[in-house]
Amino acid sequence: MTTLDTRSTTLVGADWASARTVAHGCLPPLAAEHVSVGHAHRRVLASDLVAATALPAFTSSAMDGWAVSGPGPWTVTGTLLAGGSAGPLAPGEAVVIATGAQAPGGATAVLRSEDGVVVDGRLEGHVRDGDHLRLAGEEAHRGELMAPAGVVLTAGHLGLAAAAGYDVVPVVRRPTVAVLVLGDELLDHGVSARGRVRDSLGPQLPAWLDLLGCSIRSVARVPDSLAALVEALISVGDVDLVVTTGGTAAGPVDLLHRAIEALAGRLVVDSVAVRPGHPMLLARLAHRVALLGLPGNPQAAVAALLTLGAPLVDALLGRPLAVLDQVRSREALAAPGRATRLVLARRGDAGAIAVAHQGSAMLRGLAEADGYLVVPTGGCAADDRLAWLPLPR
Ligand SMILES: Nc1nc2c(c(=O)[nH]1)N[C@H]1C(S)=C(S)[C@@H](COP(=O)(O)OP(=O)(O)OC[C@H]3O[C@@H](n4cnc5c(N)ncnc54)[C@H](O)[C@@H]3O)O[C@H]1N2
Ligand code: MOO
């Protein structure tokens, strides 16, 4: 289980950049574990991956043809397939060789099958020394760095790790997360009606958290009662992070602050000066679990997840706080009062342009966008360069 540090101050109404920094600074990285190479896709490499062998490990033929020794013509003495091996060639000798077969000792080149001809039992053709031989170590020497600690392993990394001799790779343990969805008005199925609204966070949050690198342990609905919320927070079990949705504000059944108090929890961040998403919070509960409280408005919840949750998860994964790209805003954008504004946008060659349906209770804009333009307090003019917060994919 993960612990937040014990600083006693609570950041109230934090500016957006400080909130990210504080979230990133409050959790130590998780331990490493070893997983088989084939199961390490998108995991964070825990330590440098160095080649366990030279690449390639031995000199081999890059073509189908003949391995030859010295100048021709040559006497063909046998056949060598990939996976096989043969004794050394003497000058003037050759063997039929398949692509990938280890070159016999004494081989000076490979003559491609289309470039040679056997006349009266003698092989004729023209090669230069070294032709079509893949030399041992030409890609990497043993011990050379293949991928640094902290990278997110791609499919290409997995192939490279296997080629470099690894059965298992060291990766950072995935942060385990329990999701609690608050709100008696929510429906799990069908169409919103008669004041009840379909839960749209339960289905999407696990996907976002998975993309951030987390392992989802549970997704549960919690009734609007303090006792039920406290019980749910206690019962999440041994997870690194609890993510709640809803109940962050000051309405009659917005119970999250009261539940944190009941559990002798401590608020690390209590609201952020950003729109949407401002009632978000980050807390440490007495039973030492970290709690990320996302607002109930669905788009606001995602903005909050990316504001506090993404840096928090990066810290758990031992990764630095993401440095955001700068992109040109194709239009002037307003930002309210003293808050940063996160504007859903699509990024193109000429800059980023806001999408329609930006409301914090709306989801069309989120489905359309590929990230948020981070509009500073006071707004921006067309062509201003702004930070770009990408949606995880
Ligand atoms: N007096 C004030 N009222 C509100 C303020 C404020 O500053 N002063 N802030 C508003 C903002 S901004 C937000 S965001 C919300 C945050 O409220 P909560 O986190 O307490 O969320 P709820 O009240 O539970 O729900 C808000 C809204 O979202 C709908 N909702 C909740 N969960 C889901 C879900 N899983 N799927 C779909 N929709 C969901 C819920 O029905 C409400 O409509 O507070 C404002 N109020
Ligand atoms: O900021 Mo609320 O978080 O606008 O929907």
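User: Two strands count as paired if DSSP finds at least two bridges between them. With that definition in mind, over how many bridges do β20 and β21 pair?

Analyst: The model is a predicted one. In it, Leu 281 stands opposite Gly 293 in β21. The pairing of β20 and β21 runs in the antiparallel sense. A pair requires at least two bridges, and the number found between β20 and β21 is four.

User: Which strand pairs with β21 in the parallel sense?

Analyst: One bridge of this pairing can be named: Thr 245 has Leu 294 of β21 as its partner. The parallel pairing extends over five bridges. The strand in question covers residues 241-245 and is β18.

User: How many residues of strand β21 are buried?

Analyst: A residue is called buried when its relative accessible area is under 20%. Ala 290, Leu 292 and Leu 294 point one way from β21 and are buried. Leu 291 and Gly 293 point the other way, and these are buried as well. For strand β21, residues 290-294, which is mostly covered, the count of buried residues out of five is five.

User: Is Arg 284 buried or exposed?

Analyst: Arg 284 belongs to strand β20, which spans residues 281-284. The cut-off for the buried class is under 20% relative accessible area. Because the relative accessibility of Arg 284 is 16%, this residue counts as buried.

User: How far apart in space are Arg 284 and Ala 207, C-alpha to C-alpha?

Analyst: Along the sequence, Arg 284 and Ala 207 are separated by 77 residues. In space, the separation from C-alpha to C-alpha is 24 Å.

User: Which strands stand at the edges of the open sheet formed by six strands?

Analyst: The six strands follow the order β8-β5-β7-β6-β10-β9, with mixed pairing. A strand at the edge has a single partner strand, so one of its sides is left without a neighbour in the sheet. Neighbouring strands of this sheet are turned by 40 degrees against each other on average, direction ignored. The strands at the edges, covering residues 109-112 and 116-119, are β8 and β9.

User: Which residue in β8 does Trp 66 stand opposite?

Analyst: Strand β5 comprises residues 65-68 and is joined to β8 by four bridges. The two strands run antiparallel. The residue of β8 that stands opposite Trp 66 is Leu 111.

User: What distance separates the centres of domain 2 and domain 4, taken over C-alpha atoms?

Analyst: The domain assignment places domain 2 at 33-54 + 138-172 and domain 4 at 325-390. The assignment also gives domain 1 (3-30 + 174-316) and domain 3 (60-134). Taken over C-alpha atoms, the centres of domain 2 and domain 4 are separated by 37 Å.

User: Which element supplies the largest share of the lining of the largest pocket?

Analyst: The largest pocket holds about 680 Å³ of space and has 29 lining residues. Leu 211, Leu 212, Asp 314, Arg 319 and Pro 392 lie nearest the centre of this pocket. At least two lining residues come from each of α3 (201-212), α6 (298-316) and β26 (385-390). The largest share, four residues, is supplied by α6.

User: How many nonpolar residues are in the lining of the largest pocket?

Analyst: The lining of the largest pocket includes ten charged residues and two polar ones. The number of nonpolar residues in this lining is 17.

User: Which elements give two or more residues to the lining of the second largest pocket?

Analyst: The second largest pocket has a volume of about 360 Å³. Of its 20 lining residues, Leu 182, Glu 185, Leu 186, Gly 296 and Asn 297 lie nearest its centre. The elements giving two or more residues to this lining, at 176-182 and 197-198, are β14 and β16.

User: What is the volume of the largest cavity?

Analyst: The structure holds two cavities of 30 Å³ or more. The largest cavity is lined by Arg 42, Arg 43, Val 44, Val 172, Arg 174, Gly 213 and Leu 317. By class, this lining has three nonpolar, one polar and three charged residues. The volume of the largest cavity is about 40 Å³.

User: How many nonpolar residues are in the lining of the second largest cavity?

Analyst: The second largest cavity has a volume of about 30 Å³. Its lining consists of Leu 182, Val 222, Pro 223, Asp 224, Ser 225, Leu 229, Val 253 and Leu 255. One of these residues is polar and one is charged. The number of nonpolar residues is six.

Terms used:
Residues numbered from 1 in each chain as written. Chains lettered and ligands numbered in written order. Predicted model: local features only at pLDDT ≥ 70, side-chain atom pairs only at ≥ 80, totals over all residues. Heavy atoms only, no water. 1 Å grid on protein atoms, 1.4 Å probe; cavity = no way out; pocket = protein on both sides within 12 Å on 5 of 7 lines; lining within 4 Å. Points joined across faces, edges and corners; volume = space filled by probe spheres on them. Nonpolar A, V, L, I, M, F, W, Y, C, P; charged D, E, K, R; others polar. Domains from an automatic or database assignment. Axes fitted to C-alpha atoms, helices over the stretch in contact; angles between N-to-C directions. Buried < 20%, exposed > 50% of the residue type's maximum accessible area, 1.4 Å probe, protein only.
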